[in-house]
Each structure stands twice: as structure tokens, then as C-alpha cells.
Amino acid sequence: DAKSNALKDDLRSMRNAIQLYNAQHGTYPTLTTFETQMTRFSKADGTVSDTKDATYPFGPYILAMPEMPVGTNVGKNTVTASTYSDGYGWSYEPTTGNIKANLPDGDVDSTGKAYNTY
């Protein structure tokens with residue numbers, strides 16, 4: 001199903017970006033700064049800028065937060081803590097860098113697999 005594949009692609013891209021951020025900064029972005037850290041240029045200490053120059057050599061890791069392509073929170077692109085919260089697209093755990101679909105267990109693909117387990 002195309003929407004399930006879009007979710008898998010978004011997760012793969014964001015997971016790769018989070019790991020690259022971690023490799024360059026030595027830490028994962030915090031929950032409160034996640035979108036900013038991922039979509040802007042940054043220094044090694046995590047300070048961000050809208051402009052790339054010699055002092056802001058890293059990023060952006062993604063151009064924009066993708067919208068949730070499936071389920072209850074379709075169209076949402078905001079990030080919340082690792083447990084399900086209505087109205088957010090993504091669940092993120094800053095201590096591990098894990099990101100997943102912020103969807104209830106009942107939102108499943110055509111095979112019955114819960115989207116939040118991708």
C-alpha cells in the first residue's frame with residue numbers, strides 16, 4: 001500500500017538523519033528542539049542558524065518535518081514524547097534517538113501490523 005510505504009520511507013529518512021546528527025554532535029536532539037535541530041544548520045554544540053557558513057557546518061538533516069501519511073493523525077507533522085498522544089504525527093525518544101509513528105495500536109496496515117511498530 002502506497003501510504004504504508006510512504007510512512008516507512010519517512011521513518012527511514014528521519015532515522016538516518018537522527019543518527020547523522022548524533023554522529024556529528026555527540027548527542028541526539030532534545031524533544032523540544034527536535035524540529036529546529038533537524039531542519040536548520042548547526043554548530044557542533046547544537047546552536048542553530050538559518051544560514052550555512054564555516055561556523056555552522058552541519059545540517060540541515062531534513063528539509064521539513066514530514067506529515068503523517070496514515071492513520072488517526074494523518075497530516076500531522078509535530079513531535080511528541082515516546083508514548084501515544086492524539087494530534088501529533090511522530091513520537092520521539094531523545095535518549096535513544098528512536099522515532100516512530102505516533103498512532104494508536106489500532107491503526108494498522110493492510111496486513112494487520114500496527115503502524116507504530118514500523
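I started with Lys8 and found its charged end over the ring of Tyr118, 5.0 Å from the ring centre. I counted a charge as over a ring if NZ of Lys or CZ of Arg is within 6 Å of the ring centre and within 35 degrees of the ring normal. This is a predicted model, where local features need pLDDT of at least 70 and side-chain atom pairs count only at pLDDT 80 or more, while totals for chains, interfaces and linings use all residues. I number residues from 1 along each chain as its sequence is written, and side-chain values use heavy atoms, without hydrogens and water.

Next, I looked up rings. I found three aromatic pairs in the whole structure (Phe, Tyr or Trp rings, six-membered for Trp, with centres within 6.5 Å; planes under 30 degrees apart are stacked, over 60 edge-to-face, the rest tilted). Among them is Phe34 with Tyr92, tilted at 45° with centres 4.4 Å apart. Phe34 is buried at 1% relative accessible area, and Tyr92 is buried at 0% (buried is under 20%, exposed over 50%, partly exposed in between, with a 1.4 Å probe and protein chains only). I also noted Tyr115 and Tyr118, whose ring centres are 5.6 Å apart with planes at 75°, so they pair edge-to-face. Both Tyr115 and Tyr118 are buried.

Last, I checked charges and found two salt bridges (a side-chain nitrogen of Lys or Arg within 4 Å of a carboxyl oxygen of Asp or Glu). Asp9 meets Arg12 at 2.7 Å, N to O. Asp9 is partly exposed at 40%, and Arg12 is partly exposed at 47%. Arg40 bridges to Asp50, with the closest N and O atoms 2.9 Å apart. Here Arg40 is partly exposed at 33%, whereas Asp50 is exposed at 60%.
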